[in-house]
Amino acid sequence: MQKKYSIYTKLVVLFVVTFLLVCILFIVLLKIEENAYAEEGVLRQKNLVKNMVNSYNPNFNIDAYFNNNNFSAVKNPDLIHTIKEDGEILFYDSNDKVCHFISLKYHNNLYIDIQCGDFKKFYKENINDRIYNLLLIGFFFFSFLVVFMYFSVLKSLEPLKKLRKQVAEAANGKKPDFVDYQEDEIGKIAFEFKKAFTRNQELIQSRQLFLRTIMHELKTPIGKGRIIAEMIKEDKQKERLIDIFSRMDSLINEFAKIENLFSKNYNLHFKPIHFSTILEEAKNYLMRDDFNKIVKIHLKSDALINVDMEIFPLILKNLIDNALKYSSDGTCEIYSHHQYFVIQNPGRKLSEPIEYYFEAFTREKDEKVKGMGLGLYIVFEVCKLHNFDIIYYYENNKHCFKVFFGEKNHNETQK
C-alpha cells in the first residue's frame, strides 16, 4: 500500500521549505548589498583621501573636512581598540609617509583611521544604507507574513478534525449536528455531507417502514391460514399445512432479525454456546426433514463459541442452505474443530472471485438455483459483527467455507 501523507504534514513541509528558501534569498541579497556598500564606501573614502592630500597644507582643518563629509569622530578608546583588532581592513594609503589612512569595516559600518603628523583621529562614516535597511525590514515583514499565513491556514483546517469526528459518529449510527461551520470549502463539504446523511436516513427509514409493513401484512394471512389448518380433520394434510405456515412465520421472523441487525436497531448479546447447540438451532431454521441424510456432521470438537444466539445460527443456516443449493450431489459436510468450523460441498468452480458473492444481491449465474443473492452477504456481515474471519477456498472439487472464531495461525488462514 502506497504511503500517504496528511494535509497537515504537507502543509508543515511546504511552509518550512518556503521559509528556509526566503531566509536563504534574503541572506544572499543582504550579503550582496553589504559587499556593494563596502565597495562604494571604499571608493568614497579613497576619493576623500585623494582630495584631502591634494588640498593638504599646514592650515588644513582635517576634522572639519571629515565632519562636512558625513564622518564623526569616535572617542571611545575601547571601541577603537576593538575595531582595530576585529575589523576588516578595506584599504591602506599613505602620503609620502606624512599621512596614513586605514579604512576598516566593522559590523557593517565603515571607519577610517587617520594619522597626519601630530593629528590622530578615528572616524565613523555616517551614511545610512537605506537599501540594506529596507531589505532587513522586508525580511522581517515577509517572515511575519509567512508565519501568520501558516497559523491562519492551520486554524482554517481545524474544522476538518470536527468534520471527521462527526462523519465517524454518523458511520457508527449516531446523528451528528452539522452546525457552526463557516461558509468556506470545509463548510460546504459539511453542508453537502449533512444533505447526503439526511437523505440516507430518510431512505433507511422508508425501507424499514416498507419491510415492517410487508412483514406485518404477511403475519395476518399466515395466522389465518394456521387457524384454518388446525380445522382440517385429515392429520397428514393438517400437519403438512401447519409446517408450511410455520416455515413462513419463521422466515418472516428471520427477516425481521436481519433487518433490525443491519439497521442498527439490534444490540448483540454475546454468550458462550456449544457448536452443537448452534447447529441444532440452524437445523430448526432449515426445516428439512431429510437434514440428517443430506448433511454429514463431523463433530471433532464441540467448541464453545461466544456468539449472539439470536443471530449467529442464521450464519450456519445460510451456509448450509447455500452449500446444499450449489452441491452437485445435493449434500454437504460440516467439520467442527476447536477454533473453527468448515462447511464444504462438491460442485464446479465459481466463475467469479469470492468477494463478488459476498456483496448483496449477487449469486452464481445458474438459472436452476433460485434466490436473491443475500445468503453469503448476510454471513459475511454477521461474521464481521462477531469479529470472526470467514475464508473460502476450492479444494478437491469442493467449495469450502471456514469460519474462525478462535485464535488462528498463519498457515490455517492461508489454506
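Phe-380 is found in helix α11 of a structure that is a predicted model. Apart from residues up to four places away in sequence, Phe-380 touches Phe-358 and Ile-390. Glu-355 is 25 residues from Phe-380 in sequence, and the two C-alpha atoms are 9.9 Å apart in space. Other positions of α11 are buried, namely Leu-376, Ile-378, Val-379, Glu-381, Val-382 and Cys-383. Just after this helix, Asn-387 adopts a positive phi of about 65°.

The packing of α11 was examined next. Two packed helices are described by the angle between their axes and the distance between the axes. Helix α11, spanning residues 375–385, and helix α9, spanning residues 312–325, have axes that come within 9 Å and cross at roughly 145°. This crossing is left-handed. On the α9 side the contact is made by Ile-315, Asn-318, Leu-319 and Asn-322, and on the α11 side by Gly-375, Leu-376, Ile-378, Val-379, Val-382 and Cys-383. Classified by residue type, the contact of α9 with α11 comprises 7 nonpolar and 3 polar residues, with no charged residues. Several of the α11 residues in this contact, including Leu-376 and Val-379, also belong to the buried set of the helix.

Helix α9 also meets helix α7, which covers residues 275–286; the axes of this pair come within 8 Å and cross at roughly 60°. Here the crossing is right-handed. From α7, the residues Phe-275, Ile-278, Leu-279, Glu-281, Ala-282, Tyr-285 and Leu-286 meet Phe-312, Pro-313, Leu-314, Leu-316, Lys-317, Ile-320 and Asp-321 of α9. This contact has 11 nonpolar and 3 charged residues, and no polar residues.

Glu-125 lies in strand β5, residues 119–125, and is counted as buried at 2% relative accessibility. The side chain of Glu-125 forms a polar contact of 2.7 Å with the side chain of Arg-44. Not counting residues up to four places away in sequence, Glu-125 touches Gly-41, Arg-44, Gln-45, Asn-70, Phe-71 and Leu-110. Asn-67 is 58 residues from Glu-125 along the chain, with a separation of 9.3 Å between their C-alpha atoms.

Asp-113 is placed in strand β4, residues 109–116. With a relative accessible area of 8%, Asp-113 is buried, since this value falls under the 20% limit. A polar contact of 3.4 Å links the side chain of Asp-113 to that of Lys-84. When neighbours within four places in sequence are left aside, the contacts of Asp-113 are Lys-84, His-100, Phe-101, Ile-102, Leu-104, Lys-121 and Phe-122.

Across the chain, the secondary structure comprises 12 helices and 12 strands. Of the 415 residues, 35% are buried. Among contacts between residues at least 6 apart in sequence, 60% join residues at least 24 apart. An unreviewed UniProt entry annotates residues 12–32 and 131–154 as "transmembrane region". In the model, the span of residues 12–32 is 100% helix and 0% strand, and its end C-alpha atoms lie 30 Å apart.

How values were computed
Residues are numbered from 1 along each chain as its sequence is written. This is a predicted model: local features need pLDDT of at least 70, side-chain atom pairs count only at pLDDT 80 or more; totals for chains, interfaces and linings use all residues. Side-chain values use heavy atoms; hydrogens and water are left out. Axes are lines fitted to C-alpha atoms, for helices over the stretch in contact, and angles run from 0 to 180 degrees between N-to-C directions. Helices (H or I, at least four residues) and strands (E, at least two) are DSSP runs, numbered from the N terminus. A crossing is left-handed if the near helix is turned anticlockwise from the far one by less than a right angle, and right-handed if clockwise. Contact means heavy atoms within 4.5 Å. Ala, Val, Leu, Ile, Met, Phe, Trp, Tyr, Cys and Pro count as nonpolar, Asp, Glu, Lys and Arg as charged, and the others, Gly among them, as polar. Buried means under 20% relative accessible area, exposed over 50%, partly exposed in between (1.4 Å probe, protein chains only). A polar contact is a pair of N or O atoms within 3.5 Å; within protein, one must be able to donate a hydrogen and the other to accept it, and residues adjacent in sequence count only if both atoms are side-chain atoms. UniProt positions are given in the numbering used here, feature names are shortened, and annotations may be inferred rather than shown by experiment.
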